[in-house]
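Hi,

Here is the structure I said I would pass on.

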Amino acid sequence: MKIVRADVIVTCPGRNFVTLKIVTDEGVYGIGDATLNGRELAVASYLRDHVCPMLIGRDPGRIEDTWQLLYRGAYWRRGPVTMTAIAAVDMALWDILGKVAGLPLYRLLGGASRDAVMVYGHATGRDLGEALERYAEHIEAGYQAIRVQCGIPNMRSVYGVAKSGGSYEPATKGAVEEQRWSTEKYLDFVPTLFAAVREKFGFDTHLLHDVHHRLTPIEAARLGKAVEPYRLFWLEDPTPAENQAGFRLIREHTVTPIAVGEVFNSIWDCKQLIEEQLIDYIRATLTHAGGITHLKRVAEFASLYQVRTGCHGASDLSPVCMGAALHFDLWAPNFGVQEYMGFPEPALEVFPHAWRFERGTMHPGEAPGHGVDIDEALAACYPYESAYLPVARLEDGTLWNW
Ligand code: GCO
Ligand code: MG
């Protein structure tokens with residue numbers, strides 16, 4: 001079997017998605033997600049201009065060798081654009097393998113390690129009352145794990161909270177949105193949020209929260225210590241992770257579990273974090289971290305140190321990534337939790353899928369491969385719309401981590 005075509009499809013059914021479709025001489029094809037929020041066209045070009053021509057004529061069954069070719073063979077290693085492009089190829093090749101074998105991806109990986117995948121949903125409110133209402137709705141819908149984010153008094157905008165009260169979408173069309181951030185106001189308020197959740201709903205649900213890289217290590221340590229009584233499932237991205245050793249400071253002061261890694265694209269980004277057991281959950285996901293072949297390596301390495309997976313699953317990763325991630329989660333022996341935010345309705349129509357949600361858990365389905373397809377005619381009805389992630393500035397105007 002040989003690869004005869006590799007096409008990049010850019011579509012915006014509610015938000016931008018980039019999809020790679022690899023077609024073989026036997027008519028079997030596979031698809032992979034190549035969406036990098038706010039930088040979509042860079043990955044599309046990397047694929048179209050540099051990767052796709054290298055794929056023509058290759059045996060689609062040589063998944064590992066193709067991964068090595070695209071990683072080592074580029075000479076320039078790692079980085080979000082490269083690793084997202086490699087991920088899309090990898091995901092598409094595993095999809096083809098599953099279709100040829102007539103087996104769902106999770107069975108190729110070694111079979112199910114659990115009955116279903118626990119997912120966490122987002123309860124976000126412009127104020128405390130609204131956040132608690134959303135939390136109650138998630139309990140009602142059967143969620144066992146819920147992430148809570150909330151507007152901070154006297155702060156105009158805050159990460160994770162929709163402006164309109166609808167579903168949260170960070171990317172904005174047109175100009176880059178500038179937000180203001182105050183660490184002081186945030187640190188003063190956020191323990192109140194967790195206290196209110198625990199007081200109203202008790203301890204039966206897993207409570208999660210995303211700091212979105214806004215604190216320094218010592219501030220993160222202070223927060224982790226302050227919120228210990230609320231027994232968080234995890235505190236996510238408390239501080240930027242380029243300096244992995246910086247997490248030692250957090251660990252020295254608190255037993256609040258730490259999750260990191262949605263912006264990671266390789267095992268090298270988390271090597272020290274994992275080896276030194278500085279984190280509890282690794283958030284890297286298939287699309288941005290080199291696909292199934294590479295994330296499997298990350299998960300297996302993490303399992304040696306009792307670090308569990310918690311794949312990033314924001315709605316800016318396509319339903320293709322969601323499908324593949326659910327197969328991965330069903331298999332991974334050290335699975336922790338999977339993020340699930342849902343998708344805009346048009347996106348669900350463009351990407352017919354075998355995965356399903358049921359009362360706080362998800363299953364990838366039994367379709368061969370990863371079980372997600374693309375309706376190309378429908379995709380063509382939604383042309384790309386330029387959109388950017390916001391930036392954050394401190395109250396004095398200093399550019400900060402968004
Ligand atoms: C999360 C993330 C997202 C990111 C988004 C950026 O935990 O889900 O932090 O909300 O901000 O994926 O593109
Ligand atoms: Mg996050």
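Predicted model: local features only at pLDDT ≥ 70, side-chain atom pairs only at ≥ 80, totals over all residues.

Before the helices, a term you will need: a crossing of two helices is left-handed if the near helix is turned anticlockwise from the far one by less than a right angle, and right-handed if clockwise. Helices (H or I, at least four residues) and strands (E, at least two) are DSSP runs, numbered from the N terminus.

Residues are numbered from 1 along each chain as its sequence is written, chains are lettered from A and ligands numbered from 1 in the order in which they are written, and side-chain values use heavy atoms, with hydrogens and water left out.

**Two helix pairs**

Take α5 and α6 to begin with. α5 passes α6 in a right-handed crossing. Helix α5 covers residues 128-140 and helix α6 residues 183-201, and their axes come within 11 Å and cross at roughly 45°. That makes α5 oblique to α6. For the wording: axes are lines fitted to C-alpha atoms, for helices over the stretch in contact, and angles run from 0 to 180 degrees between N-to-C directions. Angles under 35 degrees count as roughly parallel, over 145 as roughly antiparallel, 65 to 115 as roughly perpendicular and the rest as oblique.

Which residues meet there? On the α5 side they are Leu128, Ala131, Leu132, Tyr135, Ala136 and Ile139, and on the α6 side Leu193, Ala196, Val197, Arg198, Lys200 and Phe201. Sorted by class, this contact has ten nonpolar, no polar and two charged residues. (Ala, Val, Leu, Ile, Met, Phe, Trp, Tyr, Cys and Pro count as nonpolar, Asp, Glu, Lys and Arg as charged, and the others, Gly among them, as polar; contact means heavy atoms within 4.5 Å.)

Now for α2 (residues 63-72) and α3 (residues 80-101), whose axes come within 10 Å and cross at roughly 170°. So α2 is roughly antiparallel to α3. This crossing of α2 past α3 is right-handed. From α2, the residues in the contact are Ile63, Thr66, Trp67, Leu70 and Tyr71, and from α3 they are Met83, Ile86, Val89, Asp90, Leu93, Trp94 and Leu97. The tally for α2 with α3 is ten nonpolar, one polar and one charged.

**The magnesium ion**

Zoom in on ligand 2 next. This magnesium ion is coordinated by Asp210 (OD), Glu236 (OE) and Glu262 (OE), at 2.0 to 2.2 Å. Donors here are N, O and S atoms within 2.8 Å of the metal (3.2 Å for Na, K and Ca); water is not among the atoms, so sites may look incomplete. Along the sequence, the donor residues are spaced D-x25-E-x25-E.

(Buried means under 20% relative accessible area, exposed over 50%, partly exposed in between, with a 1.4 Å probe and protein chains only.)

**Two residues with positive phi**

His212 is not a glycine, yet its phi is positive, about 55°. You will find His212 in the loop between β8 (206-210) and α7 (217-226), and it is buried, with a relative accessible area of 4%. Gln277 also has a positive phi, near 50°, in a residue other than glycine. Gln277 sits in the loop between α9 and β11 (281-282) and is partly exposed at 41%.

His370 belongs to the loop between β15 (361-363) and α13 (376-379) and is buried, with a relative accessible area of 0%. Leaving aside neighbours within four places in sequence, His370 is in contact with Ile31, Met91, Asp95, Leu105, Val320, Gly323, Ala324 and His327.

Pro170 is in the loop between β5 (145-150) and β6 (172-173) and is buried at 10%. Not counting residues up to four places away in sequence, Pro170 touches Asn37, Tyr388, Leu389, Pro390 and Trp402.

Happy browsing!
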